[in-house]
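This briefing goes with the sequence and structure shown below. Please read the points beside the model.

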Amino acid sequence: MLKIENLCAEIDGKKIIKNLSLSLPAGEVHAIMGPNGAGKSTLSYVLAGRDGYKVTGGSVMLEGEDLLALAPEERAAAGVFLAFQYPLEIPGVTNMSFLKTALNSLRRACGQDELDAMQALKILKGKAKELGMDADMLKRPVNAGFSGGEKKRNEVLQMSVLEPRLCLLDETDSGLDIDALRIVADGVNALRGAQRSMLIITHYQRLLDYIKPDCVHVLADGRIERSGGPELALELEEKGYGKLSGKKSA
Amino acid sequence: MREQERLAGVAPRVAVDAVFDSVSVATTYKKTLEEKGIIFCSLSDAVHEHPDLIKKYLGSVVGAEDNFFAALNAAVFTDGSFVYIPKGVRCPMELSTYFRINAQHTGQFERTLIVAEEDSYVSYLEGCTAPKYDDNQLHAAVVELVALDRAEIKYATVQNWYPGDEQGRGGIYNFVTKRGLCKGAHSKISWTQVETGSAITWKYPSCILEGDASSGAFYSVAITGHHQQADTGTKMIHLGKNTRSTIISKGISTGFAQNTYRGLVHVAPSAQGAYNKTQCDSLLVGNLCGAHTFPKIVSRNASACVEHEATTSKISEDQLFYCRQRGLSTEEAMALIVNGFCREVMQEMPMEFAVEAQKLIGISLEGSVG
């Protein structure tokens with residue numbers, strides 16, 4: 001599904017990602033863990049195509065397609081979804097109209113007919129119900145006045161509606177209490193599937209108690225230092241990042 | 001005429017009076033309206049057919065001596081629209097006047113007069129367009145509204161006059177005097193405007209709240225791009241007891257444009273228990289445009305309550321990236337964010353026109369992101 005080879009990226013001339021290689025097969029869930037400043041969030045932004053991040057080398061292929069050549073909205077159309085660490089607020093725009101617009105943009109890019117308001121509403125309500133969410137959430141403005149937990153659940157709802165092939169979850173667990181964490185994790189687990197790959201970026205092993213990864217990678221100083229099974233996360237929790245990367249953890 | 005057809009197309013129950021180069025060319029649905037006793041015709045016809053009403057009300061709210069452009073209008077105006085809603089009648093459809101400046105090197109000086117008798121209701125929409133010319137053209141219109149006891153007038157404007165080219169050449173000078181008189185007790189007048197056009201706009205639709213417990217409202221969206229200047233706002237003059245006014249103004253500037261809210265809330269000594277709430281929000285797109293707010297409040301009655309809130313914000317790169325990550329193009333994202341910003345005002349537009357106005361906002365923003 002996703003193949004990253006020798007990726008190098010910098011921001012304002014500062015090298016953040018250094019020769020990073022990673023392979024994520026279809027249907028698998030991989031976790032990326034690492035200390036603050038290791039380049040975890042940068043990796044997710046580079047993959048999603050945010051302005052200001054300069055790729056200086058390497059390649060990123062999504063099912064054979066050169067992701068780095070695409071604009072952010074084209075990457076979205078290719079099936080890339082980034083669940084933001086800090087979801088943005090869009091005052092005055094309801095979740096419903098935001099998601100309808102997004103859904104129709106993606107459908108248009110794939111040559112499908114656009115949905116009218118009624119069709120879109122039916123899909124959105126169905127998805128909200130599947131995730132055990134109140135349909136009233138659709139009428140509220142995008143993330144405006146949402147609690148931290150609600151924002152993250154809203155990201156999961158968007159993910160569920162837009163049906164991406166590649167999900168990037170950037171510290172989805174940050175700022176959540178245990179109950180909210182479980183609800184969000186349940187939502188993510190419900191979206192696991194043979195045709196969908198997930199890259200879960202997190203500081204703590206805690207999230208991985210709820211979302212079982214197939215593989216854990218340790219990102220330190222801009223590259224993958226170690227990869228292993230779920231047990232690697234437990235080892236990290238015990239020993240800290242300092243031991244693994246040979247440097248002090250933040 | 002296409003725009004008018006489009007407007008008429010989405011709302012088949014709209015009676016239209018078309019005014020080209022200050023001449024009223026056609027009025028539709030005249031018969032249906034006549035059955036209810038509603039008069040909707042060109043001002044020139046009204047002068048012949050209803051001279052008493054014209055004598056009584058024309059110039060009663062905006063006199064010839066009011067200001068320079070009102071004086072110019074009073075001196076040279078040729079035509080316009082006249083609406084009269086009799087006692088107790090609820091106008092069954094939207095009434096609409098469509099203005100267009102076709103001729104070059106010219107001005108448009110039409111007048112609109114709307115009179116709502118006791119316990120009547122009317123919703124009125126005004127649309128404007130003009131073809132592109134390199135020279136500037138002048139639009140100096142006058143609109144007068146009179147609402148008697150418990151009458152309600154809703155006046156909505158979609159103004160899309162030619163704004164000039166990217167360098168600021170050409171375009172309409174839109175210097176319009178609009179004023180409503182809430183003459184009767186419990187009468188209501190609301191002005192709703194979506195302003196996207198004109199090179200320069202000076203326009204302050206106002207309400208004189210004379211009747212006790214009368215209320216006035218001003219809901220405005222003004223979008224300026226390139227070198228456009230919009231200086232718009234309202235005056236709420238509280239004279240009667242327990243009068244209320246609401247002002248919501250949303251200004252959006254892009255390119256090199258300047259967008260100004262200029263308003264006056266005046267509470268006279270007689271206006272016991274007057275209440276005003278004002279909200280002014282400005283949105284900036286890019287680093288070269290400007291937003292300005294000049295609210296003036298004069299309160300001569302200690303029991304009055306006047307509230308003013310204002311914000312200035314920018315569309316952030318983060319918001320745009322968030323939308324693009326979900327598949328929206330930059331322009332779709334801009335239109336969505338700006339429409340959200342204007343939501344409170346859009347809700348005041350007649351349903352069918354709100355859809356058109358939303359599209360117009362999208363069109364106005366095209367090319368505003370580099």
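Is Arg150(B) buried or exposed? Arg150(B) is buried, with 20 other C-beta atoms within 10 Å; a residue counts as buried if 20 or more other C-beta atoms lie within 10 Å of its own, as exposed if 12 or fewer, and as partly exposed in between, with C-beta atoms placed from the backbone. The model is predicted: local features need pLDDT of at least 70 and side-chain atom pairs count only at pLDDT 80 or more, while totals for chains, interfaces and linings use all residues. Residues are numbered from 1 along each chain as its sequence is written, and chains are lettered from A and ligands numbered from 1 in the order in which they are written.

**Chain B overall**

- Chain B has nine helices and 23 strands; helices (H or I, at least four residues) and strands (E, at least two) are DSSP runs, numbered from the N terminus.
- Of its 370 residues, 56% count as buried.
- Among contacts in chain B with a separation of 6 or more, 83% involve residues 24 or more positions apart; two residues are in contact if their C-beta atoms, placed from the backbone, lie within 7 Å.
- Arg150(B) sits in the loop between β10 (142-147) and β11 (152-159) of chain B, and its phi is positive, about 60°, although it is not a glycine.

**Helix α7 of chain B**

- Helix α7 (residues 330-341) of chain B has 12 residues and reaches 16 Å from its first C-alpha to its last, close to the 16 Å expected at 1.5 Å a residue; the expected span is 1.5 Å times one less than the number of residues.
- Nine of the 12 residues of α7(B) are buried, so the helix is largely enclosed by the rest of the structure.
- The buried residues of α7(B) include Met334(B), Leu336(B), Ile337(B), Val338(B) and Phe341(B).

**Contact between chains A and B**

- Chain A contributes 23 residues to the contact and chain B contributes 17 residues.
- On the side of chain B that touches chain A, α6 (317-325) and α7 of chain B each supply at least two residues.
- The largest share of that side, seven residues, comes from α6(B).
- The residues of the side of chain B that touches chain A divide into six nonpolar, five polar and six charged; Ala, Val, Leu, Ile, Met, Phe, Trp, Tyr, Cys and Pro count as nonpolar, Asp, Glu, Lys and Arg as charged, and the others, Gly among them, as polar.

**Six-stranded sheet of chain A**

- An open sheet of six strands in chain A has mixed pairing and the order β6-β9-β10-β3-β11-β12; two strands pair if DSSP finds at least two bridges between them.
- Its edge strands, each pairing on one side only, are β6 (80-83) and β12 (223-228) of chain A.
- The twist averages 20° from one strand to the next.
- Strands β3 (residues 29-33) and β10 (residues 197-202) of chain A run parallel and are joined by five bridges, with Ala31(A) having Ile200(A) as its bridge partner in β10(A).
- Four bridges join β6(A) to the parallel strand β9 (residues 166-170) of chain A, where Leu82(A) stands opposite Leu168(A).
- Both faces of β6(A) are covered, with Val80(A) and Leu82(A) buried on one side and Phe81(A) and Ala83(A) buried on the other.

**Four-stranded sheet of chain A**

- A second open sheet in chain A has four strands in the order β2-β1-β4-β5, with antiparallel pairing.
- Its edge strands are β2 (14-24) and β5 (65-66) of chain A, each pairing on one side only.
- Strand β4 (residues 53-62) of chain A pairs with β5(A) in the antiparallel sense over two bridges, and Leu62(A) stands opposite Glu65(A).
- Glu63(A) lies in the loop between β4 and β5 of chain A; its phi is near 45°, a positive value in a residue other than glycine.
- Glu63(A) is partly exposed, with 14 other C-beta atoms within 10 Å.
- Glu10(A), in strand β1 (residues 2-11) of chain A, is partly exposed, with 18 other C-beta atoms within 10 Å.
- Leaving aside neighbours within four places in sequence, Glu10(A) is in contact with Lys15(A), Ile16(A), Lys54(A) and Thr56(A).

Notes. Axes fitted to C-alpha atoms, helices over the stretch in contact; angles between N-to-C directions.
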